[in-house]
Amino acid sequence: MNDETKIRSLLEKWADATRNDRKDELLSGHDSDALIYDVLPPMMYEGTDAYRRSWDEWQPPFAAPSLFEIHDLKVAVGGDLAWAHCIVRCGGKLPDGREVEDEVRATFCLAMVNDRWKIQHQHLSMPLPQ
């Protein structure tokens, strides 16, 4: 399996864990010191422990599986560093029965660590309404 395929697989596992609310697997492809930006406050997390601790505070309580699909994924690899970007369609059914859907932009910076690709930086952002 080439590096691009490995990175695509790592990101699909991240999406699948998110979609199916498998919180213990959600950050398995991240370096523990990863810097993560997300769309909801506090928006910046230094390390996976901080991100995981806050997950239940801001993550909408969607029924699993929720909508969390990667689209237009582009991956570039150069030696022991790589980056990827995509659009993520996300949303789902809330406890009151309402369904919501959004799109966010996602960018990932990865490094080869102990012969495995690890996400070092993750940045999710949402376009402002027009």
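On a 1 Å grid over the protein atoms alone, a pocket is an open set of points where a 1.4 Å probe fits, with protein on both sides within 12 Å along at least five of seven lines, and its lining residues have an atom within 4 Å of a point. Grid points are joined across faces, edges and corners, and a volume is the space filled by probe spheres set on the points. The structure is a predicted model, in which local features need pLDDT of at least 70 and side-chain atom pairs count only at pLDDT 80 or more, while totals for chains, interfaces and linings use all residues. Residues are numbered from 1 along each chain as its sequence is written, and side-chain values use heavy atoms, with hydrogens and water left out.

The pockets come first. The largest pocket holds about 400 Å³ of space. Its lining is made up of 24 residues, and those nearest its centre are Val39, Leu40, Gln59, Pro60 and Cys90. At least two lining residues come from each of α1, α2, β3, β4, β5 and β6, where helices (H or I, at least four residues) and strands (E, at least two) are DSSP runs numbered from the N terminus. The top contributor to this lining is β5, with four residues. By residue type, the lining of the largest pocket has 16 nonpolar, five polar and three charged members; here Ala, Val, Leu, Ile, Met, Phe, Trp, Tyr, Cys and Pro count as nonpolar, Asp, Glu, Lys and Arg as charged, and the others, Gly among them, as polar.

Two or more lining residues are supplied by α1 and by β6, and α1 gives the most, with six. The lining of the second largest pocket splits into seven nonpolar, four polar and five charged residues.

Attention now turns to the interior. A nonpolar core is a set of buried Ala, Val, Leu, Ile, Met, Phe, Trp, Tyr and Cys residues joined through side-chain atoms within 4.5 Å. Buried means under 20% relative accessible area, exposed over 50%, and partly exposed in between (1.4 Å probe, protein chains only). The largest such core has 28 residues, and Leu11, Trp14, Val88, Phe108 and Leu110 have the most contacts inside it. Two or more of its residues come from each of α1 (3-19), β1 (30-37), α2 (48-58), β3 (67-78), β4 (81-93), β5 (99-113) and β6 (116-125). In soluble globular proteins, nonpolar side chains tend to be buried together.

Beyond its neighbours within four places in sequence, leucine 110 is in contact (heavy atoms within 4.5 Å) with Ile7, Leu10, Asp80, Leu81, Ala82, Trp83, Ala84, Trp117, Lys118, Ile119 and Gln120. Between leucine 110 and glutamate 69 there are 20 Å in space, C-alpha to C-alpha, and the two are 41 residues apart in sequence.

Valine 113 also lies in β5, but counts as partly exposed because its relative accessibility is 27%. Leaving aside neighbours within four places in sequence, the contacts of valine 113 are Asp31, Lys118 and Gln120. Its C-alpha is 14 Å from that of glycine 78, a residue 35 places away in sequence.

Strands β5 and β6 run antiparallel and are joined by nine bridges; methionine 112 has tryptophan 117 as its bridge partner in β6. Strands β1 and β6 run parallel and are joined by four bridges, and histidine 121 in β6 is the bridge partner of leucine 35.

Asparagine 114 counts as exposed because its relative accessibility is 72%. Methionine 43, in the loop between β1 and β2 (44-46), has a positive phi of about 75° although it is not a glycine; at 43% relative accessibility, methionine 43 counts as partly exposed. Finally, the peptide bond from alanine 64 to proline 65 is cis, with omega near 0°, and proline 65 sits in the loop between α2 and β3.

Definitions and conventions. Two strands pair if DSSP finds at least two bridges between them.
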